[in-house]
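Let us walk through this structure step by step, beginning with a single side chain and widening the view from there.

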Amino acid sequence: IFVSDILERKSYNDGETVFREGEQSSSAFVLQSGNVAISRNVNGEDHELAVIGPGSIFGEMALIDDQPRMATAKVKGSATIVTITKSMYSEKLKKSDPFIRALLRILVETVRDTSK
């Protein structure tokens, strides 16, 4: 089985939303081509935090702690994005050291706490 046979790959057009702040989700994404803007809504205004490029992983915190999305991800230009499902992540995580699993959870908690 080839990786391309089991991964969901989707093409997005300019301005399409990959996910929205506050949504519940259990997947992360790998940006294969193109650019994605990450933004947060502060006092009713969207603030762009970053623009990420090919090879970037985003939305990863949803895989680790099952909490709502902390930001919105919108495509700039066009993009090809691969979805990483919770089950794919869980399979990889099972093979990792328990210390690494605990460290990931602590890191995500810290990021969420400091962004409130």
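Phe-29 has a relative accessibility of 7% and therefore counts as buried, a word used here for residues under 20% relative accessible area with a 1.4 Å probe and protein chains only. Phe-19, at 6% relative accessibility, counts as buried too. The model is a predicted one, in which local features need pLDDT of at least 70 and side-chain atom pairs count only at pLDDT 80 or more, while totals for chains, interfaces and linings use all residues. Residues are numbered from 1 along each chain as its sequence is written, and side-chain values use heavy atoms, with hydrogens and water left out.

A pair of aromatic rings is described by the distance of the centres and the angle of the planes. Rings of Phe, Tyr and Trp (its six-membered ring) pair if their centres lie within 6.5 Å, and planes under 30 degrees apart count as stacked; by this rule the protein has three aromatic pairs. The ring centres of Phe-19 and Phe-29 lie 5.8 Å apart with their planes at 25 degrees, so this pair is stacked. Phe-19 belongs to strand E2 (residues 17-19) and Phe-29 to strand E3 (residues 27-42), ten residues apart. Ring pairs also bring in Phe-58, which forms a cluster with Phe-19 and Phe-29.

Turning to the whole chain, the protein has four helices and six strands, where helices (H or I, at least four residues) and strands (E, at least two) are DSSP runs numbered from the N terminus. Their order from the N terminus is α-β-β-β-β-β-α-β-α-α. Of the 116 residues, 33% are buried.

Definitions and conventions: Buried < 20%, exposed > 50% of the residue type's maximum accessible area, 1.4 Å probe, protein only. Phe/Tyr/Trp six-rings, centres within 6.5 Å; stacked < 30°, edge-to-face > 60°.
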